[in-house]
Amino acid sequence: GVDGRTAKDRSARLVFPPGHQTLNGEKALTPGRTRNNGVFERANHQNTVLCALQDKLTSPSVVTRIPALINSFRGAVQTDLTPEQVTQLGCIGTKLKGEDITFVAFPQELFDGTRVYDPVFGGRVFIWDVDYEILRDYVARFNAGAWPAPAISGESESDEETTSTCP
């Protein structure tokens, strides 16, 4: 479950009990934005929402409506993909199995949250302190196909990264 309530907002609309949930688009954005326990937890919530979306989009009742869904994005999504490429991606997406979709994140221990004074805001703001050379190395290894290392049963075997797949 997800409890996104804060000290300032105790609304029940921010609580998602464990178990199956059926959410419309607007309501599905809520757990994907919840970060009470940090941005890394928010990323996990977003992955859960994306897995559910993939599951819904590949259901028999929706898959036949994908061309109309793609068409409805025209003018609302900025991309350099051609309409044909978007359609091809939509078709390929219906063939993906959840276990073939891998979410990967930089190791959390690379990031140190701190606050610094920002003259534009006239106060202290939160920032991540991180060694960008290390992140560049991860990106270079990703681009070379060397990161993340293949995982068994959807979980990372290394402390180097966090990976997960859709159920």
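Visitor: Why does F106 count as partly exposed?

Guide: The relative accessibility of F106 is 26%. The model is a predicted one, in which local features need pLDDT of at least 70 and side-chain atom pairs count only at pLDDT 80 or more, while totals for chains, interfaces and linings use all residues. Residues are numbered from 1 along each chain as its sequence is written, and side-chain values use heavy atoms, leaving out hydrogens and water.

Visitor: How many aromatic pairs does a search of the whole structure find?

Guide: The search finds eight aromatic pairs. Rings of Phe, Tyr and Trp (its six-membered ring) pair if their centres lie within 6.5 Å; planes under 30 degrees apart count as stacked, over 60 as edge-to-face and the rest as tilted. One of these pairs is F106 with F111: the centres are 6.4 Å apart and the planes stand at 45°, so the pair is tilted.

Visitor: What makes the pair of F111 and W128 edge-to-face?

Guide: Their ring centres are 5.7 Å apart and their planes meet at 75°, so this pair falls in the edge-to-face class. It links distant parts of the chain, F111 being in the loop between β3 (102-105) and β4 (112-118) and W128 in strand β5 (residues 123-129), 17 residues apart. Helices (H or I, at least four residues) and strands (E, at least two) are DSSP runs, numbered from the N terminus. F111 has a relative accessible area of 19% and is therefore buried, whereas W128, at 33%, is partly exposed.

Visitor: Which residues do ring pairs link into a cluster?

Guide: The cluster holds F40, F106, F111, F126, W128, Y138 and W147. Y138 also has a charge over its ring: the charged end of R141 lies 4.6 Å from the ring centre. The rule for this label is NZ of Lys or CZ of Arg within 6 Å of the ring centre and within 35 degrees of the ring normal.

Visitor: How do you know that C51 and C166 form a disulfide?

Guide: A disulfide is a pair of cysteine sulfur atoms within 2.5 Å, and the sulfur atoms of C51 and C166 are 1.9 Å apart. By this rule the count comes to one disulfide. C51 lies in helix α2 (residues 39-57) and C166 in the segment after β6 (162-165), so the bond ties together parts that are 115 residues apart in sequence. Both cysteines count as buried, C51 at 11% relative accessibility and C166 at 4%.

Visitor: Why is the disulfide of C51 and C166 called left-handed?

Guide: The torsion about its S-S bond is about -90°, so the disulfide is left-handed.

Visitor: What makes the contact of D9 and R13 a salt bridge?

Guide: A salt bridge is a side-chain nitrogen of Lys or Arg within 4 Å of a carboxyl oxygen of Asp or Glu. For D9 and R13 the distance from N to O is 2.7 Å, and the contact qualifies. D9, at 25% relative accessibility, is partly exposed, and R13 is partly exposed at 44%. The whole structure has four salt bridges.

Visitor: What makes the nonpolar surface patch?

Guide: L50, L53, L57, L69, F73 and V77 make a patch of about 510 Å². Patches consist of residues with over 30% relative accessible area and no salt bridge, like charges being joined within 9 Å and nonpolar side chains (Val, Leu, Ile, Met, Phe, Trp, Tyr) within 5 Å. Areas come from the Shrake-Rupley method with a 1.4 Å probe; for residues, only the protein chains shown count as cover. Helix α2 gives the largest share, three residues. L57 has its place in that helix and is partly exposed at 31% relative accessibility.

How values were computed. Buried < 20%, exposed > 50% of the residue type's maximum accessible area, 1.4 Å probe, protein only.
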